[in-house]
Amino acid sequence: MSRKRPTVADIRALKDKYQFTMIRVETLDELEAAERAGVDMVSVPPEIMVLPHFREVAPSLFAVPGVNFFEVGMADDFVRWAFALYKASADAVYCSASLATVERLSDEAIPVIGHVGLIPSRATWTDG
């Protein structure tokens, strides 16, 4: 039996009613295992997200590609990066850049997940 991939609207509607499962996958084999295990969401490297057969392997997974902010660049770079991934069937993008960059993505109607708490790449800013 196939599952329906959640949408942003589904996730919002189920806030405080359902706890979604999410893991980071690094390979197509891990992606396939997550799909078979019934995981709801995956964090994926962008290079996997853009593979033409990504959705054949993971039809029901809410997919969130992400990298560290310094690998993408400034806000305009993030918007271009995000649109390319959204076009490749990403459901949202992860952004560890500034709040202004997260807001810019949101202003462009790109579903975006920010980071709350310590960002390892910024650990020295807060004394580790």
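Which elements are included in what covers the buried residues of α5?

Mentor: The model is predicted, with local features requiring pLDDT of at least 70 and side-chain atom pairs counting only at pLDDT 80 or more, while totals for chains, interfaces and linings use all residues. Residues are numbered from 1 along each chain as its sequence is written, and side-chain values use heavy atoms, without hydrogens or water.

The cover of the buried residues of α5 includes α3 (46-49), β3 (62-65), β4 (93-94) and α6. Contact here means heavy atoms within 4.5 Å. The residues of α5 so covered are Phe78, Val79, Trp81, Ala82 and Leu85; buried denotes under 20% relative accessible area, exposed over 50%, and partly exposed in between, with a 1.4 Å probe and protein chains only. An α-helix has 3.6 residues a turn, so residues three or four places apart point the same way.

Helix α5 covers residues 75-87, and its 13 residues should span 18 Å at 1.5 Å a residue, which agrees with the 18 Å between its end C-alpha atoms. The expected span is 1.5 Å times one less than the number of residues. Just after α5, serine 89 adopts a positive phi of about 95°.

The order from the N terminus is α-β-α-β-α-α-β-α-β-α-β. Of the 128 residues in the chain, 40% are buried.

Strand β3, part of that cover, contains valine 64. Valine 64 counts as buried because its relative accessibility is 2%. Beyond its neighbours within four places in sequence, valine 64 touches Met22, Val42, Ser43, Val44, Ala92, Val93, Tyr94 and Ile113. Valine 112 lies 48 residues from valine 64 in sequence, yet their C-alpha atoms are 8.7 Å apart.

Helix α6, also part of the cover, spans residues 99-107 and, like α1 (8-13) and β5 (112-113), gives two or more residues to the lining of the largest pocket.

Notes. Helix = DSSP H or I, 4+ residues; strand = E, 2+ residues; numbered from the N terminus.
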